[in-house]
Amino acid sequence: MTSPVPATLTVDLSTGKITDIVLGYQSSDARSDDPTVQWIDAGDKFVLPGLVDAHVHLNEPGRTDWEGFRTGTRAATSGGVTVVVDMPLNSIPPTTAVEHLELKRKAARDQCYSDVAFWGGLIPGNQGNLEPLLAAGIKGFKCFLIESGVDEFPCVSGHELELSMSKLQACVGILRFTALILGDRQNTSTVLLFHAELGSAGTPENSDVRLYSTFLNSRPQKLETDAISLITSLQEKYPALRCHIVHLSASSALPLIRSARDAGLNLTVETCFHYLCLSAAEIPDGHPEFKCCPPVRDAANQDLLWDGLKEGLIDFVVSDHSPCIVELKRLGEGDIMGAWGGISTLGLGLSLLWTEGQRRGISIAQIVEWMSLKPAEHAGLGNLKGQLKVGLDGDFVIWDPHTEFMVGLLMTGFTTLLIDCSSQVTSDHLNFKNKISPYVGMTLRGEVEQTYLRGTLVYDIAAHEELTPVGQLL
């Protein structure tokens, strides 16, 4: 189905599952005699499956002033996201041991508006923790081939990587055997996620730290292609283990990915909204809110990433929501090189992809595949999420594809004005904690009006009071 059609969706609130889908519009009169039925008429709006963001840094515990489960998941639901998968960093401690996972789950309890699943971390010396973390419910593991930016999550060497891949491949065999015995077809695999930059980011002496070009030149595409070459060579030794490239920004890596797929390697890839919707020429000097690692590159690179997405070389799109406190962004100094590298996006992704996608002939069906179906499968949640389908969770979004809005923000205390928007400047569309975003001032199309999790309303654009967080930890 490439375009929306009228349909009536039934969700059993006692189980939260979709129990029936009937093509065609039914009015509330059809069931007016049943007092237990709650009727929602979406009118001419689109009803989409709840979105899945498989790359989010919620940072709790330890750096809750950067973000947290409550603010992060509320921001997610404002953009139609009903599941986030939390990265193992930048919380303190990182999710590199079962006891750290339990601390994170304790912190998250009763705070989440969306459901939350968890990635584990692979760092030097924690190979013995991988199998216990899998048994505790971790969906897979992330590692860095370059310094991560936080001391508590160091990068792994080639030797450590081989030890870990060998161990994880053995775990895949155990998972498949256990699934066969228990009849659990979903729990048959794990995945190793790579921040795929290999080498060191260098800054030429006497460079101007305010120039975006200085930062861009410090992280060339070769860092990504070298990393992906290493990963695919290791996959030949460990073919049962799926490897995944997070936040691909280098279009020069696409031929490597195509060759790996042609050779039958089990490799998947994601990119981010910022690489598809921003380009280097549009980034003003002295504006660290645009900094992320790897960097936003030029428009020609952006076009090739879109081509890779349409071809299927890139599997899906995520936010890589990576916030920090305002001071670490160094907005006042305009110091791009010294600023924290991360872009805040939660709540805006659907509108960003729809706005840019319409210029490129992209359908809403493609966007749903890239933002719901494929990331749900990637995180091992395809049996629960990602589609409007009988038997799956009743997560859905009422979305107006035509509404346009300006992303606005009112901030004081800086020497630099972030936008000039006269009396229309608001923070209505930035629901995350630290309201810093490169999308401020952009006009976007498509707005989420309501988000439902297992049939329960968790976000309403018209609500004057906060709704109750009913998210679960998956």
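Predicted model: local features only at pLDDT ≥ 70, side-chain atom pairs only at ≥ 80, totals over all residues.

User: What makes β8 and β9 count as paired strands, and in which sense do they run?

Analyst: Strands are DSSP runs of E with at least two residues, helices are runs of H or I with at least four, and both are numbered from the N terminus. Two strands pair if DSSP finds at least two bridges between them. Strand β8 (residues 141–144) and strand β9 (residues 191–195) are joined by 4 bridges and run parallel, so they pass that test.

User: Why are β7 and β12 said to stand at the edges?

Analyst: The open sheet has 6 strands in the order β7-β8-β9-β10-β11-β12, with parallel pairing. β7 (120–121) and β12 (316–318) each have a single partner strand, so one side of each has no neighbour in the sheet.

User: What makes β1 and β2 a hairpin, and how do they pair?

Analyst: Strand β1 (residues 7–12) and strand β2 (residues 17–23) are antiparallel, with 6 bridges, and Leu9 has Ile21 in β2 as its bridge partner. They form a hairpin with 4 residues between them, and Gly16 in the turn has a positive phi of about 75°.

User: Why is helix α11 called mostly covered?

Analyst: Buried means under 20% relative accessible area, exposed means over 50%, and partly exposed lies in between (1.4 Å probe, protein chains only). In α11 (residues 349–359), 9 of the 11 residues are buried, including Leu350, Trp354 and Glu356. After the helix comes Gly361, with a positive phi near 75°.

User: How do you know that the size agrees with a compact globule?

Analyst: The rule is 2.2 Å times the number of residues to the power 0.38, with the radius of gyration taken over C-alpha atoms. For 474 residues a compact globule would come near 23 Å, and the protein has 22 Å, so the two agree. Along its principal axes, the C-alpha trace spans about 75 × 65 × 40 Å.

Terms used. Residues numbered from 1 in each chain as written. Heavy atoms only, no water.
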